[in-house]
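Have the sequence and the 3D view open side by side.

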Amino acid sequence: MQQENVPKISVVMSVYNAETYLAKAIDSVLNQTFKDFEFLMMDDGSTDKSLEIINQFAEKDSRCRVFTRENKGLIVSRNELVSFAKADIIANMDADDICMPTRLEQQYAFLCAHPECVVVTSPVILIDSDGEKITKYWNHLTHEEIDQGNLAGGGAYMCNPVATMRKLAFEEVGGLRARFQHAEDIDLYLRLAEIGKIGVISEPLLEYRQHLSSIGYTKKEKQFESMLLAVNEARQRRNMPLLEKYITELDDKVSDVYYKWGWWALNDGNLKTARKYGFKLLQANPFNFNYIKFNLCVIRDMLKH
């Protein structure tokens with residue numbers, strides 16, 4: 001009997017009504033410099049053209065494995081996909097992001113060279129719904145920086161869709177847990193940090209898309225509630241005092257988000273993106289002093305260039 005070929009990496013992606021960005025996400029995985037992987041995609045009861053798009057790619061590339069069923073949510077889907085995976089190494093992926101071409105190559109080499117690490121991550125490049133660059137996101141390069149940052153309650157200190165981990169470690173800590181909906185990644189990485197090290201590659205390996213329909217904006221209050229629960233459970237496990245509240249503030253309005261993205265883009269030298277959000281802010285409120293000041297800063301920096 002011929003032995004089944006076991007891939008070195010299993011890429012897992014849950015998909016729900018993601019037709020807008022899905023093709024670019026899939027394409028970025030299939031065009032990796034590292035070729036020895038399988039790509040598991042779960043259509044989680046989509047009502048748009050997501051499954052049709054997935055199947056089009058699967059017909060052309062045998063590395064794709066497609067699953068579909070009624071909607072059960074991201075946590076159930078991710079746990080199922082990991083259980084279906086043939087490889088010992090699991091690479092996360094989201095349906096609206098874009099992998100850099102060498103992502104899998106670099107992460108596989110890192111985990112092979114660092115057996116003490118149960119997961120490896122990297123910074124990301126934040127992009128907006130148009131694919132335009134906002135900024136490089138975070139510069140935390142050690143296990144201690146990421147773990148202590150997660151424990152401090154200041155936001156996620158690693159980006160879930162760029163994380164690649166050992167399947168045995170994921171299973172050892174019990175996978176993703178439904179009690180921490182919308183913050184299941186922070187809960188997972190706090191538990192993984194208790195059984196091994198978090199490794200970091202300093203080069204950004206993913207373009208992480210920011211849009212107002214993402215969970216990080218539509219479910220922010222529930223996400224913060226789950227984050228606080230996850231952090232306090234971890235602090236309790238480690239005999240640390242509990243936090244009374246999560247310290248990151250909510251963005252109350254769309255203009256708050258645009259203002260934040262605009263400053264991030266401007267400070268990172270992405271003037272085209274900064275100008276776009278400056279214009280959106282003036283459309284929303286042309287007499288707001290902060291918005292006027294921001295646009296003057298954009299003009300100043302454009303004149304410098």
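In what order do the four strands of the open sheet come? Keep in mind that this is a predicted model. The order is 5-11-7-8, and the pairing is mixed.

**The open sheet**
- Strand 5 (98–99) and strand 8 (133–137) sit at the edges with a single partner strand each, so one side of each has no neighbour in the sheet.
- Strands in a sheet pair up through backbone hydrogen bonds, in parallel or antiparallel fashion.
- Strand 7 (residues 124–127) and strand 8 run antiparallel, with four bridges joining them.
- Within that pairing, V124 stands opposite Y137 in strand 8.

**Helix 10 and helix 11**
- Take helix 10 (residues 254–267) and helix 11 (residues 271–284): their axes come within 8 Å and cross at roughly 155 degrees.
- Angles over 145 degrees count as roughly antiparallel, so that's how helix 10 lies relative to helix 11.
- The crossing of these two helices is left-handed.
- On the helix 10 side, the contact is made by S255, Y258, Y259, W261, G262, A265 and L266, which meet L271, T273, A274, Y277, K280 and L281 in helix 11.
- Sorted by class, that contact has nine nonpolar, three polar and one charged residues.

**Helix 5 and its cover**
- In helix 5 (residues 143–152), the buried residues are H143, I146, D147, G149, N150 and L151.
- Their cover includes strand 6 (117–121), helix 7 (184–192), strand 10 (197–200) and helix 9 (220–237).

Notes: Residues numbered from 1 in each chain as written. Predicted model: local features only at pLDDT ≥ 70, side-chain atom pairs only at ≥ 80, totals over all residues. Heavy atoms only, no water. Axes fitted to C-alpha atoms, helices over the stretch in contact; angles between N-to-C directions. Parallel < 35°, antiparallel > 145°, perpendicular 65-115°, else oblique. Left-handed = near helix turned anticlockwise from the far one by under 90°. Contact = heavy atoms within 4.5 Å. Nonpolar A, V, L, I, M, F, W, Y, C, P; charged D, E, K, R; others polar. Pairing = 2+ DSSP bridges. Buried < 20%, exposed > 50% of the residue type's maximum accessible area, 1.4 Å probe, protein only.
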